[in-house]
Amino acid sequence: MNDTVDKLVIFLAKRDGIDKLVKTFQYVSKLVHWHVEATHPDAAMRFKQWEVASGLSRKAFRTGRFLTGFNALRRGPGATPTLKVLAVLANAGEMVYFFFDHFLWLSRIGTLDAKLARRMSFISALGESFGYIFFIIADFIIMKEGLETERRLLISSKEDGSEDAKESTRKIKAERVMRLMAVAANVADLIIALADIEPNPFCNHAVTLGISGLVSAWAGWYRNWPS
């Protein structure tokens, strides 16, 4: 049986599943810290500690994650030359992000010199933002191609009433929803990365970071939740 509890267990057994749960803790605690900082400083400090601990825990979960991008390129980078180029650029950026994130984590927990943290954070965020830009472009191209295919299938199903065309249309719509979730997550994570690369009042505001983090986490929940 696959009831809600079964699905939750399967979801949390995935590395991405537990990452999205802890990411939710991280950014909820950031928002609560911002909200109570002026009125309840003791409580705010506890939530700040929760935020920091969650962030460090997520970095530990991501050990070796840079191999995911390498494997994606090795197995099948894209169906067309354009998508192949975008996949190489996107996954290369993501591999830089996850690789240098290891050194950021080690410097934050004191294993490496703490002075390295800022440099590692910048390189990691630069690779992350670079990759997300190309992931977003690729998703929009694939959604555009899906819309064109869907229009042809709708015309075909009206002419001959084909059930296969209707089923293919349903699959295209389902894939489009997943890709929209991916775009939402990548845009949100891009904002968070920009806060590290080029600090500014908008991207670095606690509310902007908190909402972006939750959008990314919850879009990830949707994409990784067992069907």
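Reply: Happy to, and what follows is a chat about this predicted model, from its overall layout down to single residues.

Me: Great. How many helices and strands are there in the protein chain?

Reply: The protein chain has 8 helices and 0 strands. Reading along the sequence, the pattern is α-α-α-α-α-α-α-α.

Me: And what does the C-alpha trace span along its principal axes?

Reply: About 70 × 40 × 35 Å. The protein chain has 227 residues, and 37% of them count as buried.

Me: What about contacts between residues at least 6 apart in sequence, what share join residues at least 24 apart?

Reply: That share is 71% in the protein chain.

Me: OK, new topic. Which residues make up the largest nonpolar core?

Reply: There are 6 residues in it: Tyr-27, Ile-192, Ala-195, Cys-203, Leu-209 and Leu-214. Two elements give two or more residues to this core, namely helix H7 (163-197) and helix H8 (206-224).

Me: Oh, interesting. What do those two spans look like in the model, helix or strand?

Reply: Residues 83-100 are 100% helix and 0% strand, and the C-alpha atoms at the ends lie 26 Å apart. Residues 120-142 are also 100% helix and 0% strand, with 33 Å between the end C-alpha atoms.

Me: You mentioned Val-28. Where is that one?

Reply: Val-28 sits in helix H2, residues 15-36. Its relative accessibility is 33%, so Val-28 counts as partly exposed.

Me: Now for H7 and H8. At what angle do their axes cross?

Reply: The axes cross at roughly 150° and come within 8 Å. Because angles over 145 degrees count that way, H7 is roughly antiparallel to H8. The crossing of H7 and H8 is left-handed.

Me: Which residues meet there?

Reply: On the H7 side, they include Val-177, Met-181, Ala-188 and Ile-192. On the H8 side, Leu-209, Gly-213, Ser-216 and Tyr-222 are among them.

Me: What about H4 and H5, what do their axes do?

Reply: The axes of H4 and helix H5 (residues 81-108) come within 7 Å and cross at roughly 160°. H4 and H5 are therefore roughly antiparallel to each other. Their crossing is left-handed. Phe-66, Gly-69, Phe-70, Ala-72 and Leu-73 in H4 are the residues that meet H5, where the partners include Ala-87, Asn-91, Met-95 and Phe-99.

Me: And H3 with H5? At what angle do those axes cross?

Reply: Roughly 135°, and the axes come within 10 Å. That makes H3 oblique to H5. H3 passes H5 in a left-handed crossing. The contact is made by Leu-56, Lys-59 and Ala-60 of H3 and by Asp-101, Leu-104, Trp-105 and Arg-108 of H5.

Me: What does Arg-62 touch, not counting residues up to four places away?

Reply: Arg-62 touches Arg-15, Asp-19, Tyr-97, Phe-98, Asp-101 and His-102.

Me: Last one: where does Lys-166 lie?

Reply: Lys-166 lies in helix H7. Lys-166 is partly exposed, with a relative accessible area of 37%. The C-alpha atoms of Lys-166 and Ser-156, 10 residues apart along the chain, are separated by 9.2 Å.

Notes. Residues numbered from 1 in each chain as written. Predicted model: local features only at pLDDT ≥ 70, side-chain atom pairs only at ≥ 80, totals over all residues. Heavy atoms only, no water. Core = buried A, V, L, I, M, F, W, Y, C linked by side-chain atoms within 4.5 Å. Buried < 20%, exposed > 50% of the residue type's maximum accessible area, 1.4 Å probe, protein only. Helix = DSSP H or I, 4+ residues; strand = E, 2+ residues; numbered from the N terminus. Axes fitted to C-alpha atoms, helices over the stretch in contact; angles between N-to-C directions. Parallel < 35°, antiparallel > 145°, perpendicular 65-115°, else oblique. Left-handed = near helix turned anticlockwise from the far one by under 90°. Contact = heavy atoms within 4.5 Å.
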